[in-house]
Amino acid sequence: MNVVENILRLEHKETVRLDPDRLSGLYRQLGDKNALDVLCRTVEELAVRLSNCERHWRQRDWEALRKCAKSLVAIADQIGMTALARVAGDVTGAVDAGDAVAAGATLGRLIRVGERSLTAIWDQQDLSV
């Protein structure tokens, strides 16, 4: 009989980086109401694309995964989600390298960073449904 005495649970806690200057510039350029509208639509689009990336990974559709991750880079960068943009770029790089293991690992990280980034921007902007 095997007995496991010590079980460790690893928790991934990802650091989220938001560029406040990028958000401020968006509000200055568009005004409060329009910037908030753009931000709400962008947050929704990011959530959809994160989900799509995960689906493409499960289907092993590398071309679609690469395209989806690449689009996340541009969208996240536009609203100052620097960590999300960087990790989405890492997923793209892993797919380009043909490294399925690295693509899976970086995709897992992308999902974690994405969820935390969306929560951070949601909380910071007090976006209500």
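**Exercise 1.** How are H1 and H2 oriented to each other: parallel, antiparallel, perpendicular or oblique?

*Solution.* Keep in mind that you're working with a predicted model.

Step 1: find the two helices. H1 covers residues 20-30, and H2 covers residues 32-59.

Step 2: get the angle. The two pack at about 130 degrees, and their axes lie 6 Å apart.

Step 3: check that angle against the cut-offs. Roughly perpendicular runs from 65 to 115 degrees, and roughly antiparallel needs over 145, with oblique for the rest. H1 and H2 are therefore oblique to each other.

Step 4: H1 and H2 make a right-handed crossing.

**Exercise 2.** Which residues of H1 meet which residues of H2, and how do they divide into nonpolar, polar and charged?

*Solution.* Step 1: start on the H1 side, where you'll find Leu23, Leu26, Tyr27 and Leu30.

Step 1: hop over to H2. Its share of the contact is Asp32, Asn34, Ala35, Leu36, Val38 and Leu39.

Step 2: sort them by type. The contact of H1 with H2 has 8 nonpolar residues, 1 polar and 1 charged.

**Exercise 3.** Is Val43 buried or exposed?

*Solution.* Step 1: locate the residue. Val43 sits in helix H2.

Step 1: look at its relative accessible area, which is 6%. Buried means under 20%, so Val43 is buried.

Step 2: look along the chain. Trp122 is 79 residues away from Val43 in sequence, yet their C-alpha atoms are separated by 8.1 Å.

**Exercise 4.** Where does Ser117 lie, and what is it in contact with once its neighbours within four places in sequence are left aside?

*Solution.* Ser117 belongs to helix H5, which spans residues 100-125.

Step 1: check its cover. With 0% relative accessibility, Ser117 counts as buried.

Step 2: list the partners. Leaving aside neighbours within four places in sequence, Ser117 touches Val16, Met81 and Leu84.

**Exercise 5.** How many helices and strands does the protein chain have, and what share of its residues is buried?

*Solution.* Step 1: count the elements. There are 5 helices and 0 strands, giving the pattern α-α-α-α-α along the sequence.

Step 1: turn to burial. Of the 129 residues in the protein chain, 36% are buried.

Step 2: see what the surface is made of. The accessible surface comes to about 8300 Å², and carbon and sulfur atoms account for 49% of that.

Step 3: finish with contacts. Take those between residues at least 6 apart in sequence: 65% of them join residues at least 24 apart.

Key
Residues are numbered from 1 along each chain as its sequence is written. This is a predicted model: local features need pLDDT of at least 70, side-chain atom pairs count only at pLDDT 80 or more; totals for chains, interfaces and linings use all residues. Side-chain values use heavy atoms; hydrogens and water are left out. Helices (H or I, at least four residues) and strands (E, at least two) are DSSP runs, numbered from the N terminus. Buried means under 20% relative accessible area, exposed over 50%, partly exposed in between (1.4 Å probe, protein chains only). Contact means heavy atoms within 4.5 Å. Accessible areas come from the Shrake-Rupley method with a 1.4 Å probe; for residues, only the protein chains shown count as cover. Axes are lines fitted to C-alpha atoms, for helices over the stretch in contact, and angles run from 0 to 180 degrees between N-to-C directions. Angles under 35 degrees count as roughly parallel, over 145 as roughly antiparallel, 65 to 115 as roughly perpendicular and the rest as oblique. A crossing is left-handed if the near helix is turned anticlockwise from the far one by less than a right angle, and right-handed if clockwise. Ala, Val, Leu, Ile, Met, Phe, Trp, Tyr, Cys and Pro count as nonpolar, Asp, Glu, Lys and Arg as charged, and the others, Gly among them, as polar.
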